[in-house]
Amino acid sequence: MKKSILSPVAALLLATSSFVLSLPALAHDDHHAAVEMLPGLDKQQIRLADITPYIERFQNHPVFTHQRIGTSYQGRPIHRFSVGSGDTVVLMWSQMHGDESTATPALFDLMQKIATDSHWREHWQDKITLHMIPMVNPDGAELAQRYNVQGIDINRDARALQTPEGRLLMQQGQALAPDFGFNLHDQSRYYEVGHTGKQATISLLAPAFNQAKDMNEKRHRAMQLIGDLKTVGDALIPGYMGRYNDTFAERAFGDNFAAMGISTILIESGAYPNDPNRQKAREVNGAMLVRAIDSIASAAYEQQTLAPYHSIPMNNSNSFKDVILDQVQVIDGAHNYRIDIGVNRSDESGVIREVGDLSMFPAFERYQGKNYVYQAGRAHAIPAEGLVLSHHDYLKLIAQGYTHFSGDAAQLSVRTHLPVLVNPRNLPGSRPQQRQQATFLLTEQDNVVMAVLAGVILQLQ
């Protein structure tokens, strides 16, 4: 039977459990790096409606040239804003993946700075022509999904061009022939900077242009510019900056643009402590884009060696776990052993990501479980006459060993903010296993002391 979750749990299933958004003020080493963060865009998911007020603001601003360059598969507009008249052409684009929202607000933050800081703008506008395409994939953004509505990853469509969005981006790359391209994405919150135990809040890359990962003048130039951007990351997020994997992806836009002779810079935005909406990464994006404009206009990047680029630690992909329960005892018949249990969360559920020795992995939340015994949860039958489930009653049922319900979900009226599962599938049994639903109990002296409900941790004692 189909699993159903009757209470909204998305707010509980973030990378850390109790976020208080309190970000330190920017400590810039020059005033040009300061970028105002526009209101209304402090969200996990940015849709076209969120940016429409700013599209309307800047398309009528005399500094910018605005063009509606095309439409998505479902007919949503795709916009380009341009500024400057210089010979060096720079192209920036964001949200090719619809659920990767961080850089789109950063582009509008950059536009705000361009529009309001005339002193800064005058230093480069006759040297650079800057084009910005925010939200390449508005249909995917509307659905909060990576792909476009054809189900195609636009960033794997640079060769076949089966998507209207991919065709449009390639047309822009060919027609504008940029000297520099900024490919702005979001990365998994599970990425770690090397083996430091710190999330990769920003990852940088000068992508390869062939399988051999050869070096040419244009890739060398991208690495030099990234060396300049590194100074921004070192100042704003010391220790939270990594380098993305440079394995050549023959279908990806960044790699194909690099092969076309565009010095391409990938900026991937990731997690930061106590920052569910990635506002720190947004802030650093804006500061890095300002620095990039300054460096390109002044040719300051040409003074960089490749040492700063290569000194950026490599990402350690899928290292972080949302939750690790250390040294939990499992009693399975005649067998008795201890394991660490790693749990990852999605918007509506949680999954046991790994079991075994997880001592080397960092986690957003970590609990010592050496005094606890793993116990599979039981199902509480929903009576035919229905059940009103108050928060207090739910806690009592959990303490009695119930983690989910069986029966007619329509007969259950929920009065709790905790996840409530009805007829869930793939629950762990006597031994927790990878890829099973993260719903189970931990006991101490036969008393339930902790419940894991769809990946959400509830401490009863």
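Okay, let's start with a term: a salt bridge here is a side-chain nitrogen of Lys or Arg within 4 Å of a carboxyl oxygen of Asp or Glu. By that rule, the count comes to 17 salt bridges.

Quick background on what you're looking at. This is a predicted model, where local features need pLDDT of at least 70 and side-chain atom pairs count only at pLDDT 80 or more, while totals for chains, interfaces and linings use all residues. Residues are numbered from 1 along each chain as its sequence is written, and side-chain values use heavy atoms, with hydrogens and water left out.

Now, one of those bridges: Arg 282 and Asp 109 meet through their side chains at 2.7 Å, N to O. Arg 282 sits in helix α8 and Asp 109 in helix α2 (residues 103–116), so this pair ties together parts that are 173 residues apart in sequence. By the way, helices (H or I, at least four residues) and strands (E, at least two) are DSSP runs, numbered from the N terminus.

How do α2 and α8 sit together? Their axes come within 8 Å and cross at roughly 50 degrees. Axes here are lines fitted to C-alpha atoms, for helices over the stretch in contact, and angles run from 0 to 180 degrees between N-to-C directions. We call angles under 35 degrees roughly parallel, over 145 roughly antiparallel, 65 to 115 roughly perpendicular and the rest oblique, and α2 and α8 are therefore oblique to each other.

Helix α8 (residues 279–298) also packs with α6 (residues 217–236), at about 140 degrees and with the axes 9 Å apart. So α6 and α8 are oblique to each other too. Contact means heavy atoms within 4.5 Å. On the α6 side, the residues that meet α8 include Leu 225, Leu 229 and Val 232, and on the α8 side they include Val 284, Ala 287 and Met 288.

Two strands pair if DSSP finds at least two bridges between them.

Last stop: β8 (residues 202–205) and β10 (residues 263–269) pair in the antiparallel sense over four bridges. There, Ile 202 stands opposite Ser 269 in β10.
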